[in-house]
Amino acid sequence: QMLDDYRDYVEKKTGRKIKSHSFRDKAISWNQGQGNIYTDGGKDSTSFCSQIYNLVFYSAITQRDSCFACRYTDLDRPGDLTIADFWGIENCMLEFYDERGVSLVLLNTPKAVSVFDAVKHTCEYRLAAVENARMGQPHLSHPLAESPVRQAFWEEYQKNGYVSAIRKYVNCGLRGRFSHWTKRIGIYPLLFKIKEALKDGR
């Protein structure tokens, strides 16, 4: 229902029909891959409107109750293999960073090690310290923390609908739009550099 509501919101706002929605378009970047493809052949992965669904998802509001008490957010895992995104790899292995994404593979059992040894000649890989992997994957250490406004969000959603709920409880108003565009044009990195320069007396 939430995805349908998002689609209806975008179509009304843009006057265009969505053909499909991408959550991770590697042709763009694994950091900025969300976007809409329209029936008129157009594509949008840069506007604030195109990013709202992800913004809501990463606000820890729409997940199930079980996500906040997940039993598998540590290294004691029941599966042979764990495959994820290697978020933060640029901080520990910059030479292996790829803008299209790098996978993290945890070999949890001797069987997994045996399987990987049999196929590793077919892929490019590097060994990494587990702690480096955990730095970018906090949910290898603890479950997702529930948003303090989650309950209020759902009450607003049921009472007044999707648009009212995201405007009230997710950063989708003017402040959110300002934050989105300042990130896109690089103001935050520039301000950080100025701050560091002032700190060093340059």
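**Ground rules.** I number residues from 1 along each chain as its sequence is written, and my side-chain values use heavy atoms, with hydrogens and water left out. Since the model is predicted, I noted that local features need pLDDT of at least 70, side-chain atom pairs count only at pLDDT 80 or more, and totals for chains, interfaces and linings use all residues.

**Entry: the sheet.** I started with the strands. My helices (H or I, at least four residues) and strands (E, at least two) are DSSP runs, numbered from the N terminus. Three strands make an open sheet, ordered E1-E2-E3, with antiparallel pairing. I call two strands paired if DSSP finds at least two bridges between them. Which strands sit at the edges? They are E1 (18-22) and E3 (43-44), each pairing on one side only.

I then went through the pairs. E1 and E2 run antiparallel over four bridges, and Ser22 stands opposite Gly35 in E2. Strand E2 covers residues 35-38 and pairs with E3 over two bridges, again in the antiparallel sense. There, Asn36 has Asp44 of E3 as its bridge partner. I also looked at the turn: E2 and E3 form a hairpin with four residues between them, and Gly41 in that turn has a positive phi of about 95°.

**Entry: H1 against H2.** A reminder to myself: two packed helices are described by the angle between their axes and the distance between the axes. I take axes as lines fitted to C-alpha atoms, for helices over the stretch in contact, with angles from 0 to 180 degrees between N-to-C directions. Helix H1 (residues 2-14) and helix H2 (residues 48-57) have axes that come within 10 Å and cross at roughly 165°. That makes H1 roughly antiparallel to H2 (under 35 degrees is roughly parallel, over 145 roughly antiparallel, 65 to 115 roughly perpendicular, the rest oblique).

Which residues meet here? From H1 I listed Met2, Leu3, Tyr6, Tyr9, Val10 and Lys13, and from H2 Cys49, Ser50, Gln51, Ile52 and Tyr53. Contact means heavy atoms within 4.5 Å. The residues of this contact split into eight nonpolar, two polar and one charged (Ala, Val, Leu, Ile, Met, Phe, Trp, Tyr, Cys and Pro are nonpolar, Asp, Glu, Lys and Arg charged, the others, Gly among them, polar).

**Entry: H5 against H6.** H5 and helix H6 (residues 162-169) pack at about 150°, their axes 7 Å apart. So H5 is roughly antiparallel to H6. Their crossing is right-handed. On the H5 side I found Ala152, Phe153, Glu156, Tyr157 and Asn160, and on the H6 side Tyr162, Ser164, Ala165, Ile166, Lys168 and Tyr169. By class, that contact has seven nonpolar, two polar and two charged residues.

Entry: Is Glu156 buried or exposed? Glu156, in helix H5 (residues 150-160), counts as buried because its relative accessibility is 10% (buried is under 20% relative accessible area, exposed over 50%, partly exposed in between, with a 1.4 Å probe and protein chains only). Leaving out residues up to four places away in sequence, Glu156 touches Gly161, Ser164, Ala165, Lys168 and Tyr169.

Tyr157 is also placed in helix H5 and counts as buried, at 11% relative accessibility. With the sequence neighbours up to four places away left out, Tyr157 touches Gln1, Met2, Asp5, Tyr162 and Ala165. I also checked Tyr157 against Lys168: they are eleven residues apart in sequence and 9.9 Å apart in space, C-alpha to C-alpha.

Notes
A crossing is left-handed if the near helix is turned anticlockwise from the far one by less than a right angle, and right-handed if clockwise.
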